[in-house]
Amino acid sequence: MTQVAFSAPHREASNIGLKVLEDGGNAVDAMIAAAAAISVLYPHMNSLAGDGFWLIHEPGHAPRAIDACGTAAERASIDYYRNQGLEAIPARGAQSALTMAGTLAGWQRARELIGETRHLKPLNELLAPAASLAREGVLVTDSLAAASRKVAAELQGEAEYQWLFTRNGQPLASGDTLRNPELGDFLDRLARQGLKSFYRGDIADDLAAALEAAGSPLRLTDFENYHAKLVTPLSLTTRFGECYNLPAPTQGLASLIILALYDRLYRDDWSEAKKIHTLVEATKQAFLIRDREITDPRYMRQLGQLWLADQTLDELAGRIGDTASPWPRVAEPGDTVWMGCVDRRGTMVSFIQSLYWEFGSGLVLPGTGLVWNNRGLSFRLDPNHHNALRPGARPLHTLNPALALFNDGRRMAYGTMGGEGQPQTQAALLTRYWYDGMPLDEAISRGRWLLGRTWGETDEDLKLEADLADAVGDDLARMGHRTRTVPSHSEMMGHAGAVVALNGGPVTAASDPRSDGAGLVGRSPA
């Protein structure tokens with residue numbers, strides 16, 4: 001018997017993924033089963049009509065990445081919105097549903113990739129647990145209830161959303177049962193016709209017609225022309241090993257820059273306050289580059305890997321001193337789910353899928369139970385902006401699943417939800433685990449910080465969870481940081497998770513107590 005593991009921000013998704021692994025399934029199939037399930041369990045954070053990104057590592061091979069970011073509709077141009085008298089893309093409703101849903105194309109590409117060397121489980125077997133959950137109903141969590149309350153006013157005009165996600169117009173409450181039988185039927189239909197049917201065939205015909213009728217700029221040709229992309233991940237060499245993340249249009253570059261600067265400056269005798277100060281200042285440097293440079297890679301001035309050159313990183317590290325540099329800078333929040341796993345052959349997956357804002361556009365397509373994403377809000381209606389809206393372009397993404405290959409043979413898949421907080425939480429998790437030698441669960445659960453905005457937040461200050469503020473708040477204030485204390489284990493700090501494996505050795509998994517998740521370890525036939 002060989003150890004396998006799964007981490008997800010909802011325990012039932014972890015259970016479903018682990019069962020596939022324990023039955024001898026591969027890491028990709030386990031992830032798809034869990035991804036389908038969590039689209040039912042956490043509908044405010046992700047959907048089959050959202051986006052996704054994959055990092056896949058098979059022992060002895062270089063990590064591979066899949067970009068399943070939806071592209072802007074061919075009709076979606078600056079003039080399209082300007083001619084309607086709009087100064088910005090609407091945040092909710094059909095006009096915000098302007099980018100293709102890439103998630104299912106990403107699932108298909110991952111299955112094709114792993115299917116070159118591994119047996120694949122039947123698709124109907126993978127999607128059946130999610131379909132059952134949709135029909136039988138899921139328990140509304142505190143996280144889902146909070147999101148339902150937050151969007152209540154914004155989505156009053158979305159009739160299908162109101163029918164599915166409210167109780168006679170009232171937000172969902174913790175402990176309610178949420179059923180989505182139409183999504184269960186849709187999953188069954190996908191299982192019969194295959195994942196490609198979402199983009200080409202009668203399912204695509206139906207979805208495109210529904211989007212057009214609602215007023216979205218998406219059309220059938222946008223479905224037919226869409227493909228997920230196999231891309232080369234960004235990589236960074238540190239003193240402890242290699243780190244990997246997704247290239248543009250994600251903020252994976254920012255995540256790696258933070259780690260690179262910390263690795264250059266770190267000293268063993270640092271206090272905890274000094275460690276956090278350095279990570280916060282590294283975050284500022286990384287975000288300045290992210291917000292100036294990252295867009296669809298076709299329109300970038302230079303590709304992300306060039307920003308990780310030694311000369312550039314040395315220059316950025318030299319800007320970090322002993323006192324806080326000026327801030328803030330405006331950013332956007334975002335919602336998502338991260339999940340990770342390792343199978344019996346050591347294949348490891350770091351995976352993320354998202355709607356962008358909670359409940360995305362709020363547009364629920366009739367007869368499907370699908371909530372469409374609003375990731376197109378990352379575009380701007382300014383032709384001179386580097387993220388200017390262009391037909392067929394990929395929008396800036398906060399999503400960035402991460403992977404580390406340590407020099408001692410350990411491997412870690414890790415990530416989190418939390419928009420702007422994703423690179424910061426990744427840095428907290430990894431530096432605590434490696435530099436500080438913390439156990440994986442402590443590295444995740446211990447008090448965290450957040451610079452800027454994230455899920456449910458608009459303030460730009462440095463937020464410290466109460467237990468962390470008690471320990472280092474005064475020291476950080478003396479360094480010039482404008483801090484604010486928030487409750488311990490606050491959801492705004494993200495839903496982090498990680499899986500660590502040593503080839504031929506032990507496997508560990510952990511999930512964030514800020515979520516409803518679990519990190520589970522099981523056994524599979526060798």
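Contact means heavy atoms within 4.5 Å. Helices (H or I, at least four residues) and strands (E, at least two) are DSSP runs, numbered from the N terminus. This is a predicted model: local features need pLDDT of at least 70, side-chain atom pairs count only at pLDDT 80 or more, and totals for chains, interfaces and linings use all residues. Residues are numbered from 1 along each chain as its sequence is written, and side-chain values use heavy atoms, with hydrogens and water left out.

**Buried residues of helix α6**

- Helix α6 covers residues 142–150, and S143, L144, A145, A147 and S148 in this helix are buried. Buried means under 20% relative accessible area, exposed over 50%, and partly exposed in between (1.4 Å probe, protein chains only).
- The cover over the buried residues of α6 includes α2, α7 (159–165), β6 (170–171) and β7 (177–178).

**Nonpolar cores**

- A nonpolar core is a set of buried Ala, Val, Leu, Ile, Met, Phe, Trp, Tyr and Cys residues joined through side-chain atoms within 4.5 Å.
- The largest nonpolar core has 108 residues, and W54, W107, F198 and W372 touch the most other members.
- Helix α2 (residues 27–41) gives the most to this core, with 13 residues.
- Apart from this core lies another, of 62 residues, among them Y262, Y435, W449 and L468.
- W107 is in contact with I32, A35, A36, L48, W54, L127, L195, F351 and Q353, leaving aside its neighbours within four places in sequence.
- In soluble globular proteins, nonpolar side chains tend to be buried together.

- Strand β11 (residues 335–342) is mostly covered, with eight of its eight residues buried.
- From β11, D335, V337, M339 and C341 point one way, while T336, W338, G340 and V342 point the other way.
- In a regular strand the side chains alternate between the two faces of the sheet.
- Two strands pair if DSSP finds at least two bridges between them.
- Strand β1 (residues 2–8) is joined to β11 by three bridges, and the two run antiparallel. S7 stands opposite G340 of β11.
- Strand β12 (residues 348–356) pairs with β11 in the antiparallel sense over eight bridges. M339 has F351 of β12 as its bridge partner.
- The hairpin of β11 and β12 has five residues between the strands, and G346 takes a positive phi near 90° there.

**The six-stranded sheet**

- Six strands form an open sheet in the order β9-β10-β15-β16-β20-β21, with antiparallel pairing.
- The edge strands, β9 (234–237) and β21 (507–511), each pair on one side only.
- From one strand to the next, the twist averages 15°. Axes are lines fitted to C-alpha atoms, for helices over the stretch in contact, and angles run from 0 to 180 degrees between N-to-C directions.
- Strands β16 (residues 410–415) and β20 (residues 497–502) pair in the antiparallel sense over six bridges. R411 stands opposite A501 in β20.
- Helix α11 packs on the sheet and touches β9, β10 (241–245) and β16; its direction makes about 0° with that of β9.
- Helix α14 (residues 421–434) also packs on the sheet, touching β10, β15 (402–406), β16 and β20. The direction of α14 makes about 155° with that of β16.

**A402 in strand β15**

- A402 is found in strand β15. A402 counts as buried because its relative accessibility is 0%.
- A402 touches L55, Y244, N245, S350, M412, A413, Y414 and Q426, not counting residues up to four places away in sequence.
- A402 and M339 are 63 residues apart along the chain, and their C-alpha atoms are separated by 10 Å.

**Two helix pairs**

- Helix α11 (residues 252–265) and helix α13 (residues 310–317) have axes that come within 9 Å and cross at roughly 70°. That makes α11 roughly perpendicular to α13.
- Angles under 35 degrees count as roughly parallel, over 145 as roughly antiparallel, 65 to 115 as roughly perpendicular and the rest as oblique.
- I257, A260, L261, R264 and L265 of α11 meet D310, L313, D314, L316 and A317 of α13.
- The axes of helix α5 (residues 123–136) and helix α8 (residues 181–193) come within 7 Å and cross at roughly 170°. The two helices are therefore roughly antiparallel to each other.
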